[in-house]
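Biologist: Could you walk me through reading a few features of a model? I would like the general idea and then the case at hand.

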Amino acid sequence: MNDNFQPATVQAIQALYDANPHAKKLFDWTASLKKDASETSLERLMSVLDISRKSAVALAQELETAGCGDFIVGRKGARSRFQWRYSRVSLGQVAAGETEEIEPVSSNIATEAEEEAELSNAKPLTIASAKALLAQSLGIQPDQIEITVRG
């Protein structure tokens, strides 16, 4: 058995998976990933889960309480992020009941740029979706944003 196996964390993330739709979507996403990461920015959580900043912060705090890692509030220009204590891929698999053992963070780490490319390959970013994502991150309405395309 893995030294990093934590029964309390397993129970906590499975309960979170069952009770919180945002956590379920997060764990389903992480379970499907091919590469691990040592941390995930709040912006990434907001983008992947299509949730508000407030919901992303609440989810990161719940993940921290469950023992998945640490929520780090951005200071002096650094972005707020969640630092994983274990492999986010294995956390997703354990949460969904696919396996019973939490693994350490893998050495096969994805950069945020690689994740962006993977995400953009899945769905193209339109002006409307860019406005929606930007508005969501700023806490304003999409009609308050004007995007100019220069040719």
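**Reading the model together**

Modeller: Ser129 sits in helix H7 (residues 127-138). This is a predicted model, where local features need pLDDT of at least 70 and side-chain atom pairs pLDDT 80 or more, while totals for chains, interfaces and linings use all residues. Residues are numbered from 1 along each chain as its sequence is written, and side-chain values use heavy atoms, without hydrogens and water.

Biologist: At what angle do helix H1 and helix H4 pack?

Modeller: Two packed helices are described by the angle between their axes and the distance between the axes. Here H1 (residues 7-19) and H4 (residues 53-66) pack at about 150°, with axes 9 Å apart. So H1 is roughly antiparallel to H4 (angles over 145 degrees count as such). Thr9, Ala12, Ile13 and Leu16 in H1 meet Glu62, Leu63 and Ala66 in H4 (contact means heavy atoms within 4.5 Å).

Biologist: How many bridges join strand E1 to E3?

Modeller: Two strands pair if DSSP finds at least two bridges between them. E1 (residues 39-41) and E3 run antiparallel, joined by 3 bridges, and Ser41 has Arg81 as its bridge partner in E3. Strand E2 (residues 69-72) also pairs with E3 in the antiparallel sense, over 4 bridges.

Definitions and conventions
Axes are lines fitted to C-alpha atoms, for helices over the stretch in contact, and angles run from 0 to 180 degrees between N-to-C directions. Helices (H or I, at least four residues) and strands (E, at least two) are DSSP runs, numbered from the N terminus. Angles under 35 degrees count as roughly parallel, over 145 as roughly antiparallel, 65 to 115 as roughly perpendicular and the rest as oblique.
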